[in-house]
Amino acid sequence: MTADLITITIDGTALKVSPGTTVLEAARKVNIAIPTLCHHADLCSDAVKKPVIAASNCRMCLVDVEGQRALQASCALPINAPMAIRTSSPAIRRARRDILALMMSEHFGDCPACKRNGNCELQDLCSEYQVDTSRFGRPGKPLFARPDPENIIQRDMNKCVLCRRCLRTCTFYQGVNALTPTGKGQDVSIATFMDREMMDAWCINCGQCVNRCPTGALVERDDTAAVWKAIENPDKFVVIQTAPAPRASIGECFGCEPGTPMTFRMNTALKRMGFDRVFDTTFSADLTILEEGAELISRLYKTAVLKDNSAALPQFTSCSPGWIKFIEHFYPDYLPHLSSAKSPQQMMGAVIKTYFAEKNGWDPSKVVTVSLMPCTAKKFEAARPEMRASGYRDIDYVLTTRELARMIKQAGIDLPAMEKSPFDNPFGVSTGSGVIFAATGGVMEAALRTVLEVVTGDKVENLFDKADIVPVRGFDGVRMAEVTVNRVGPVPAILSRLVPDFEWLRGATLRVGLAHGTANAVRVMQDIEDGGPLSTCHFIEFMACPGGCLGGGGQPIPTSWEIRSARANAIYGEDANYVVRKSHENEDVLRIYREFFKEGPCSHKSHELLHTHYQERV
Amino acid sequence: MDIPTHLQSEVEQIISVHGRDRTALLPVLQDLNRAHSYLSQEAMLCVARELGVPRAEVYGVATFYSFLSTEPRGKYVIRLCRTISCAIQGKYHPAVSALLEELGVAFGETTRDGLFTLERTNCIGLCDQGPAMLVNDEVHVNLTERSVRAIVREYRRKAAPVGA
């Protein structure tokens, strides 16, 4: 294939590239940085199945091509013949500086108070090019209406540079299509259908647009003030749970490499900030696995043995709130397939305000439940009317990784320098199965470790080396795996209400599917509708965000495949090191079934507090 | 949102002409816009559902084209050319003043009786016969103070119910 390569020079450096490579890509190969505000590697990768043309909206990547009169946008310039390129010259620098000054002439915002201050691509470039805003001026007042403060996704057109990363993410990467360009020429804007607020649009709150916005035009609702207020209130017991994904990423906000685990240092920081208890969401992740796993066994039993077709298969996971809102909007006919188990966040809230409050003599009305999540959609989930079976909101406030990092800094705490300390009891046993919830395939792996062990009565290590169920791991957008049940064991007491034996599963092949990023969920749903291989699955894990929660919309910015991989490595590394790596071996979970949910998973009481149902959204 | 039955059947009828391919989006929107003077929220939702095109994208297309509107407009949309070749021709400014006076609205507004919406347009290719304007898709050229008043009155007369 060498014969097909084309020789070009960039700033005097000769290199060979394959035809069709863009000048921007070629320059990056030889470590020549060309600034961009609209190009994003995620949006030009193979993960995006639809043809995505380079945006070439921001014009920051202009380069000089020998023999061409005008400067060219390097992101949209494919190399098909030998060429000589300059990426830095007086004309290029002048053009970039003018473009930035023009962007600033329509940019209304208060940099010091902006959520992206210090982590803003526009700000960085303005600094790099020493943009003189007196040249074209700055707006003295907002040019667009500000978003309603209640929106979880805060979209402020006053700070938008019209790069369209958000809308390409929403359309091609997530398949949600909440956003569109409107108008033309100088009137172009980015809007939802009928220019509605984000909270009234068909938006799933995944926050992937926030992660890719080069400015502060897209940020999440700031709930930090409410949490500080609760902490300062002496009448309130403020309890925080921390999800696995932020632990592998929050270090990035403190200058650490992606994938630096902060789990136990964060516990110390949270206590110092004034939280009364710090619990581990892996507890309720394990609780979710027991409920969801028991539900799966009972659906399979109903279908295979009782010939009752009311149990919808494949069962879909229900822990990703972006995915939940997605299916409510786009595939409402499939709602019965969703596991009725609440997400780990909500289960934790429900047991804190019932079991834990009771046990400690705390008045649940004075308990404030906060959760640290990698997720913007969790803010929506927490506010759902379905999520208050105890009489109180399961979860009062959700903080994203970015919000908590800001609070830790406000408290004057240098997180990486903290000592390590454990989680609090009774929800403090960290397990590997709970931790891997953060990665795509993790819920499935945790569920399989438990279901296989419960059904076969055999150690899962005898089926998969070190209990690592590698077939469900990885970053492929849609995956399938199958396991054959070669032996069956006795039904454990905890499930004896649901099935009499497991004989009916002997020799059966359990098929599972996985999808991450809702554009991949669309592919799965299409395959199911067409009666394809995924329709034969028994259980499918759906994660709204690419990479799973570790790539969540509330995670530190920037994001890229490399960053997400580093976080995944941290998560699987933690899993490998934990003593308890299976949900059904989590002592805290077993205790809550002994003391509180006495009839086991999927019983009346657990249904009341730990399960829910969803409805079509129009 | 519930789509009114009559709208649903209207959209289905239009789609039976243009087909269900996503390329039918523009002609379908044009027909609806012609029939109602604008594209209502319900109409766009109905088209989105029937063609399987995201609702936001339908809205994006509807707002992109000057001849489609997402706000109610008059029965007759007057588009007066504002390009320099029309504007420098002798009778332009008096004709514009007369038009504004006859209609009693400013540019961008709709008359209270719902008959006329007045807009400016860029060049409509009638520079040799300017000043020029369009009323829906009819062309009027060589505009003068007198002729614009006469044109407006003629449309009023046409729109009046028979016998009134």
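Author: Residues are numbered from 1 along each chain as its sequence is written, and chains are lettered from A in the order in which they are written. Because this is a predicted model, local features need pLDDT of at least 70 and side-chain atom pairs count only at pLDDT 80 or more, while totals for chains, interfaces and linings use all residues.

Reader: What share of the residues in chain B is buried?

Author: Of the 164 residues in chain B, 27% are buried.

Reader: How do you know whether helix 6 and helix 7 of chain B are parallel or antiparallel?

Author: Their axes (lines fitted to C-alpha atoms, for helices over the stretch in contact, with angles from 0 to 180 degrees between N-to-C directions) come within 8 Å and cross at roughly 30°. Angles under 35 degrees count as roughly parallel, over 145 as roughly antiparallel, 65 to 115 as roughly perpendicular and the rest as oblique, so helix 6 and helix 7 of chain B are roughly parallel to each other. Two residues are in contact if their C-beta atoms lie within 7 Å, and the residues making this contact include Pro94(B) and Ala95(B) of helix 6 and Glu145(B) and Val148(B) of helix 7 of chain B.

Reader: What makes strand 12 and strand 15 of chain A edge strands?

Author: Two strands pair if DSSP finds at least two bridges between them. The open sheet of 4 strands has the order 12-17-16-15 in chain A, with mixed pairing, and strand 12 (315-316) and strand 15 (478-484) each pair on one side only. Within this sheet, strand 16 (residues 509-516) and strand 17 (residues 539-543) of chain A run parallel and are joined by 5 bridges.

Reader: How do you know where helix 11 of chain A bends?

Author: The bend at a residue is the angle between axes fitted to the seven residues ending there and the seven starting there, and for helix 11 (residues 344-360) of chain A this comes to about 40° at Ile352(A).

Notes. Helix = DSSP H or I, 4+ residues; strand = E, 2+ residues; numbered from the N terminus. Buried ≥ 20, exposed ≤ 12 C-beta atoms within 10 Å, placed from the backbone.
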